[in-house]
Amino acid sequence: MRVLTSNAIDSFRVKAYAGTNGVLLAFDLDQARKPGFLGFAIQQQESGKPWQWLLNSLTFPGMPHTLPKWGATPSNLAPIQKFRWADYSIKPGTTCAYRVHLVYGTPDTLSLDESLELQVTADDGQPRDHHVIFNRAVAASQSFGRAFPELDKLLSDNRDMAIEAWPAAPRNWLENGLLDRIISFIRRAKDGKWALDVAIYEYELKAIINAVNAAHGRGVRVRVLYHAKSGDEQTALNEANLKEIPPDSKRARVTSKIFHDKFIVLSKITADDSYVPQAVLCGSTNFTENGVYRQANVVHETKDRTIAARYLELFNAIWLNPADVSATRTWINTHNPIESGVKLFAGFSPRSGKIDLAEFINIIREADRDLLFATAFALPEEVLDALLGAANDPVLRFGIQNTASRITGFHADRTAEFVAPALLSTGLEGWVKEGLRGQKGNLLVHTKVIVANFTSDQPVVISGSHNLSVPASNGNDENYLIMRNDTDLADRYGLEVLRFYEHYRFRYYAKLLKLKKARPLEIDDRWANDYYQPGHLKESARLRFAGR
């Protein structure tokens, strides 16, 4: 959801982007009004509650915080000295009004000047064909530590405690409605007039297993395709957790690679025993503790029946011949050709010729304004080249790559910023180390998302299980959606990528620069110089995020 407001001559404007769990505000101010400008003071009103000043963790030199408990000061006393501000903790369905004031004067005598007001709703609940849910994961955030200070001791005293045995509050905080979305989707199949077709790589989380078993118990026609490989630990886990599903309702997808799918198709069964697909639930989330609670992931539910039908067709093709990956590749090559330029496309692999990777690269290279991305595993060189772009090109890039690669640190020659998760061994002032307790490996960002031209009216979003790698193209079973010209979906995915980016960018620089104390606010308008310097990253960001 996007809202733009400006004054009569458009010398001052505010643009809001509302996603599933957050709101991003972007500001622009004519350069003629820069002299003496000290920043923005922002008021917020949530769902009719009293107005409150948003807080700033920075103050002017020598000025203590007025709210020392929170290490913060209201922005009317400590203005925001940047042209974007975001809150990534807005609950879905929350309507937020904002007043953005220009601040002039001196640190001792601040003056609130012109203001603009607008209103947006995060995940506004309107009927639509797509719902997108992200877990919070990244348990190292300050808000998690503040909310659950007793959890670390509890886990220290119970080192083998499964996450499903944690107190409900921190579990709910981490999954953030993602697990509820999966369970509620399964429960929509009420009886024998419904069918659930589950394709899954890792089938482990008890809450999901119990929901599928309950659906089978009430007569729902359940079929499960699961990853299977000789001598594979994951295969043994999957089969153990599927013991309550009858043999004729489950089949092993025998592969030498990975059956990496995680989707469920919901269908109605007609009087003549035909399946009529109603919806599909997909995304990056494995049905595991890590997938739901610890790793950053997405669940994408679409009621688009054409797309649901595509998923069911693939499921049926594998169901008929689950031990023949080559047959699936041939089926996909024939029945799932890449459709460039369509508004919504569901793609599958394995396929021949890496043409899915070629399509991803084309989408990335065609971005001429900005590029947001989150990737998990090692990427082929041609994908890295596309994400990084050419030196000094005009595209803004905000990206995070969980696996170490050339995408790390600051690339000033590309007018872009990149970070990789900083797995810090010790905490920083105001931050705690990344929590990996109980997790297999150190994968923190498992989402695979590309958002091209986020700030335009024609964004392109790629999301799914596909890791943008060669094995994901020609060896693994994968699925993904390519969504064009849908600003609502772009806002949801884009804000989530920016949430990762801002979190890890701070950690990267804090470690790189060995920051012990944050820099104070500037006492004059010098803080804004880069935002008006032609060709500078900050100038491009100011203009594009504000809709210029």
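What follows is a set of questions and answers on salt bridges, sheets, helices and cores.

Colleague: Before we start, what pLDDT do local features need here?

Modeller: Happy to say: residues are numbered from 1 along each chain as its sequence is written, and side-chain values use heavy atoms, with hydrogens and water left out. This is a predicted model, in which totals for chains, interfaces and linings use all residues, side-chain atom pairs count only at pLDDT 80 or more, and local features need pLDDT of at least 70.

Colleague: How many salt bridges does a search of the whole structure find?

Modeller: Side chains of opposite charge can pair when their charged atoms come close. The criterion is a side-chain nitrogen of Lys or Arg within 4 Å of a carboxyl oxygen of Asp or Glu. Searching the whole structure that way, the number of salt bridges is 25.

Colleague: How many residues apart in sequence are the parts that Glu117 and Arg99 tie together?

Modeller: These two form a salt bridge, and the closest N and O atoms of Glu117 and Arg99 are 2.9 Å apart. Glu117 lies in strand S10 (residues 109-121) and Arg99 in strand S9 (residues 95-106), so the parts tied together are separated in sequence by 18 residues. (Strands are DSSP runs of E, at least two residues, and helices are runs of H or I, at least four residues, numbered from the N terminus.)

Colleague: Is Glu301, the partner of Arg188 in a salt bridge, buried or exposed?

Modeller: The closest N and O atoms of Glu301 and Arg188 are 2.8 Å apart. Glu301 lies in strand S17 (residues 298-302) and Arg188 in the loop between helix H4 (178-187) and strand S12 (194-200), so this pair joins parts 113 residues apart in sequence. Here buried means under 20% relative accessible area, exposed over 50%, and partly exposed in between, with a 1.4 Å probe and protein chains only. Arg188 is partly exposed at 29%, whereas Glu301, at 3%, is buried.

Colleague: Which helix holds both Glu313 and Arg310?

Modeller: Glu313 and Arg310 form a salt bridge, with the closest N and O atoms 3.9 Å apart. An α-helix has 3.6 residues a turn, so residues three or four places apart point the same way. Glu313 and Arg310 are 3 residues apart, about one turn, and both lie in helix H8 (residues 305-320).

Colleague: Which strands stand at the edges of the open sheet?

Modeller: The sheet has 7 strands with mixed pairing, in the order S11-S17-S16-S15-S12-S13-S14. (Two strands pair if DSSP finds at least two bridges between them.) Each edge strand has a single partner, so one side of each is left without a neighbour in the sheet: these are S11 (130-134) and S14 (250-254).

Colleague: What angle does the direction of H8 make with that of S16?

Modeller: Axes are lines fitted to C-alpha atoms, for helices over the stretch in contact (heavy atoms within 4.5 Å), and angles run from 0 to 180 degrees between N-to-C directions. H4 packs on the sheet too, and its direction makes about 35 degrees with that of S17. H8 touches S12, S13, S14, S15, S16 and S17, and its angle with S16 is about 90 degrees.

Colleague: Which residue in S24 is the bridge partner of Val451?

Modeller: Strand S24 (residues 460-464) is mostly covered, as 5 of its 5 residues are buried. Val460, Ile462 and Gly464 point one way and Val461 and Ser463 the other. S24 pairs with strand S23 (residues 449-452) in the antiparallel sense over 4 bridges, and the partner of Val451 is Val461.

Colleague: How many residues are in the largest nonpolar core?

Modeller: A nonpolar core is a set of buried Ala, Val, Leu, Ile, Met, Phe, Trp, Tyr and Cys residues joined through side-chain atoms within 4.5 Å. Among the members touching the most others are Phe263, Tyr311 and Phe545. The number of residues in this core is 53.
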